[in-house]
Amino acid sequence: SDRLAVTAKTLSQSDEFDRVFARSVAGFFEIPVAGMDPRNAKRRNDQLRQFFSDAVRGGDSIAELAQKVLLKPEGQAAWKHFADPRDRAEYVGRTLLGMKIGCARCHNHPLDRWTNEEHLAFSAYFTDPRPGPKGTMMAGKFFLPGAGTAVKPKLLPVSLESPPSGLERNQEVSWLVLHGAKEQFARNMANRFFELLVGRSLVSVSNDHRVTNPAVHVPVLDLLAETFLTLEFDIRAFVQFVVSSELYAASSLPPSA
């Protein structure tokens, strides 16, 4: 097992690792591989593919990368091409937290966790700035479709904590993902890397973590998420942990009985 761990560590430092995992992590954020871009998206996606490549090659943790997606212009390009703040909010929900909130976009659904009010309030975080007094820029407003009333921004209720005071809107969203809901962020990313390495995800739809769609083996996902947190979301260290495990070495063929 020591030799396996050494081999895994050596491979994780290779250029091939950077290339393969940069492409895969970009896929987590819905960036297609080169040649599969929708119409008029090639230039933007080329820049984003380079962004993810630079981040993985530079040793960014998946948390540092997520923070750049939320706060840095070069990362925000992954979601700012959506014109509607509701589309942006849903993108952040499914890619970073592994949670689909789109069912609450138009109405309350009796079987869904999220309410229409929560969906709209979270969407209000993703408006573009607008001109303010004296030539300055101020936070944009999101108006209730059909009614025209302004919606007050409010984070998704996935944490018992509140963000520190004085944060800007995009910083509050970053706080939610990486601090207030960091356990869910860890579960989401652990599940995605597990699917990449093993070939099957523990949560059957990677961006749909919910009570009625549990992992096929909850203790394994619990362990993977806890390990990712302990490793401070280090991509290389987490991959080494998975590929050095007995689970990864097990045969995919069922017993003859």
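## Basis

The model is predicted, so local features need pLDDT of at least 70 and side-chain atom pairs count only at pLDDT 80 or more, while totals for chains, interfaces and linings use all residues. Residues are numbered from 1 along each chain as its sequence is written, and side-chain values use heavy atoms, with hydrogens and water left out.

## Helices α2 and α11

Helix α2 (residues 15-28) packs against helix α11 (residues 235-243) at an angle of about 95°, and their axes are 12 Å apart. The two are therefore roughly perpendicular (65 to 115 degrees).

In contact (heavy atoms within 4.5 Å) are Phe-17, Asp-18 and Phe-21 of α2 with Ile-235, Arg-236 and Val-239 of α11. By class, this contact has four nonpolar, no polar and two charged residues.

## Salt bridges

Side chains of opposite charge can pair when their charged atoms come close. The structure holds 14 salt bridges (a side-chain nitrogen of Lys or Arg within 4 Å of a carboxyl oxygen of Asp or Glu). One of them joins Asp-60 to Lys-68, with the closest N and O atoms 2.7 Å apart. Asp-60 is buried at 14% relative accessibility (buried means under 20% relative accessible area, exposed over 50%, partly exposed in between, with a 1.4 Å probe and protein chains only). Lys-68 is partly exposed at 28%.

Arg-187 pairs with Asp-222 in a salt bridge, the closest N and O atoms being 2.5 Å apart. This pair links distant parts of the chain, helix α9 (residues 182-198) and helix α10 (residues 218-230), 35 residues apart.

Methods:
Axes fitted to C-alpha atoms, helices over the stretch in contact; angles between N-to-C directions. Helix = DSSP H or I, 4+ residues; strand = E, 2+ residues; numbered from the N terminus. Parallel < 35°, antiparallel > 145°, perpendicular 65-115°, else oblique. Nonpolar A, V, L, I, M, F, W, Y, C, P; charged D, E, K, R; others polar.
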